[in-house]
Amino acid sequence: MALLPAATRAAVVGLCRIAASASSSPSSAAAGGRRERELSFALAERGMVVGGHRGMGMNAVDAPPESRVGAARERENTLLSFGRAAAHAAVAFVEFDVQVTKDGCPIIFHDDFILTQGTGAVYERRVTDLLLEEFLSYGPQKESRKVPYLVSIDLFSCKFHECMLKGLIDSLPIALTFQVSKPLLRRTGDGRVLNWSTEEDDSLCTLQEVFECVSPRLGFNIELKFDDNILYQRKDLERALQAILQVLFLTEGGTSKHHDSRRNSLNDAIRVCLEYDLHGIVSEVRGVLKNPAAVVGAQDSNLALLTYGHLNNVWEAVYVQYLMGINGIIVDHVEEISNAVAGFSKPDLGQNGAGVDGAKHQAFSQQQLGFLLRLIPELIEHRH
């Protein structure tokens, strides 16, 4: 994972995590054994790091008010959410989603499709089929994107008859530029379409804006989005990856099945990373806990290993990963987990229970041990 200093981040995109669902020709095979290239300075020196999922946590439009996961008050994948995450000293990086518009601009958005409300209907567009200007017209608008004498009119909710509207415009003494602000909707997992509203909103943004506006101390874990249902050609992948320097391979670690066998286990993910000379792996946390031997394999190959998933919002599960040597975690409970990780002691490497930095090794309580004993059988019995 690239946690880049300001000077480097100003020039390049750090990394992406990418699901290998597209066809591509293999590069020269990496030699077996431990690779000469070492982990980035930030991962090697900082121990376990905490990353905010899509900023301060993802949004779920169907999350009940009392829900913690999916109920972030800020709109996900926005400068507002990234800025809030950067304000927490214990948060080392933010994970966010990048797609490339039809006219070649990297933008920040998670879903493959963007939805809005029309006159009695829902309109749906594939994000990568939109021009940049079209993409930015969804949701609240930045003042900096408006021009003098701009009048914003929501044409979808406008009740004027077309002729009446034209007559009104023609009667005005100045030339008007219309900027359509389209309301955002979102589809739930069960197919319902709901209003995508958050307690605190912000406009959609580009990758360039993120690099220019977010604190340079914050690292970026960029997920370059591809639709699982499309078989991409090499030229399509190269176009999207041309600005990316370090790539992490996204896998569910065997917790679900895919037609592409490379995505079905951590061992397969390691082989893909070595074959294509990728930087490391982002795995569903259950896949890592079910296969701890693969963690050693990744470490022996000098591959970065990060995890995501709901268990990363349980600090005991995060602590187990800390002891395993996991390089980083992506979480929704940003404040809670980052504070917990900041309090973890280094392993007992010295005498009298003192670590290399003089800190005491943190022991599990009976409650925590009980959690782990219940967790492990659940992971082993998990079926696809």
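## Threonine 78

The side chain of threonine 78 reaches the backbone oxygen of arginine 75, with 2.7 Å between them. That's a polar contact, meaning a pair of N or O atoms within 3.5 Å; within protein, one atom must be able to donate a hydrogen and the other to accept it, and residues adjacent in sequence count only if both atoms are side-chain atoms. Everything here comes from a predicted model, where local features need pLDDT of at least 70 and side-chain atom pairs count only at pLDDT 80 or more, while totals for chains, interfaces and linings use all residues. Residues are numbered from 1 along each chain as its sequence is written, and side-chain values use heavy atoms, with hydrogens and water left out.

Threonine 78 sits in the loop between strand 2 and helix 3. Helices (H or I, at least four residues) and strands (E, at least two) are DSSP runs, numbered from the N terminus. With 0% relative accessibility, threonine 78 counts as buried; the cut-offs are under 20% relative accessible area for buried, over 50% for exposed, and partly exposed in between, using a 1.4 Å probe and protein chains only. Skip the neighbours within four places in sequence, and threonine 78 is in contact (heavy atoms within 4.5 Å) with Asp202, Ser203 and Cys205.

## Helix 3

## Strand 3 and its partners

Ten of the ten residues of strand 3 (residues 91-100) are buried, so the rest of the structure largely encloses this strand. Strand 2 (residues 49-53) runs parallel to strand 3, with four bridges joining them, and glycine 52 has valine 94 as its bridge partner in strand 3. Right-handed here means that, with the strands pointing away from the viewer, the path from the first strand over the helix to the second runs clockwise. As for pairing, two strands pair if DSSP finds at least two bridges between them.

Strand 4 (residues 106-108) runs antiparallel to strand 3, joined by three bridges, with valine 98 opposite isoleucine 108. Strands 3 and 4 form a hairpin with five residues between them, and glycine 104 in the turn has a positive phi of about 85°.

Aspartate 227 is in the loop between strand 9 and helix 7 (234-241). It's buried, with a relative accessible area of 5%, and its side chain makes a polar contact with the side chain of arginine 126 at 2.9 Å.

Threonine 255 belongs to the loop between strand 10 (244-251) and helix 8 (266-276), and it is buried too, at a relative accessible area of 5%. A polar atom of the threonine 255 side chain lies 2.8 Å from the backbone oxygen of glutamate 252. Threonine 255 and arginine 286 are 31 residues apart along the chain, yet their C-alpha atoms are separated by 7.0 Å.

## Strand 12

What covers strand 12 (residues 304-308)? Five of its five residues are buried, and both faces are covered: Ala304, Leu306 and Tyr308 on one side, Leu305 and Thr307 on the other. In a regular strand the side chains alternate between the two faces of the sheet.

Strand 11 (residues 280-284) pairs with strand 12 in the parallel sense over five bridges, including the one between serine 283 and threonine 307. Strand 13 (residues 328-331) is also parallel to strand 12, through two bridges; leucine 306 has glycine 328 as its partner there. The chain goes from strand 12 through helix 11 (residues 315-324) to strand 13, and this β-α-β crossover is right-handed.

The protein averages a pLDDT of 76, and 67% of the residues score at least 70; pLDDT is the predictor's confidence in each residue, from 0 to 100. Confidence is highest in helix 3, at 97, and lowest in strand 1 (residues 13-18), at a mean of 33.

pLDDT stays under 50 over residues 147-162, where the model has 30 contacts beyond four places in sequence. Over residues 174-178 it also stays under 50, with twelve such contacts. Where pLDDT is low, the predicted coordinates should not be read in detail.
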